[in-house]
Amino acid sequence: RHTVMTPEILERLRTAFALGCTDEEASAFANIGTSTLYDYQNAHPDFSEEKDDLKKKPILKAKRTNTLL
């Protein structure tokens, strides 16, 4: 079976997650269904872990900015 999760789709997801997008927003940005994202995560736990790390980045950046004020 052919996968829709091309390197370009994965990069769009990474970009969206790094900006703090929800799973639904990231899926829309990557033009895939949320169920496709969840299926991919279930088959690739390393991506799920990477997603969690990327989602933390905007929060850390905001906290750092607030402490510099």
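This is a predicted model: local features need pLDDT of at least 70, side-chain atom pairs count only at pLDDT 80 or more; totals for chains, interfaces and linings use all residues.
Residues are numbered from 1 along each chain as its sequence is written, and side-chain values use heavy atoms, with hydrogens and water left out. Local features need pLDDT of at least 70, side-chain atom pairs count only at pLDDT 80 or more, and totals for chains, interfaces and linings use all residues.

Let's start with helix α1, which runs over residues 7-18; helices here are DSSP runs (H or I, at least four residues), numbered from the N terminus. Its 12 residues reach 16 Å from first C-alpha to last, close to the 16 Å expected at 1.5 Å a residue (the expected span is 1.5 Å times one less than the number of residues). Buried in α1 are I9, L10, L13, A16 and F17, where buried means under 20% relative accessible area and exposed over 50%, with partly exposed in between (1.4 Å probe, protein chains only). After α1 comes G20, with a positive phi near 90 degrees.

Now for the rings. A search of the whole structure turns up one aromatic pair (rings of Phe, Tyr and Trp, its six-membered ring, with centres within 6.5 Å; planes under 30 degrees apart are stacked, over 60 edge-to-face, the rest tilted). The pair is Y40 and F47, and it counts as edge-to-face because the planes are at 80 degrees, with the ring centres 5.4 Å apart. Y40 is buried at 16% relative accessible area, and F47 is buried at 4%.

Notes: Helices (H or I, at least four residues) and strands (E, at least two) are DSSP runs, numbered from the N terminus.
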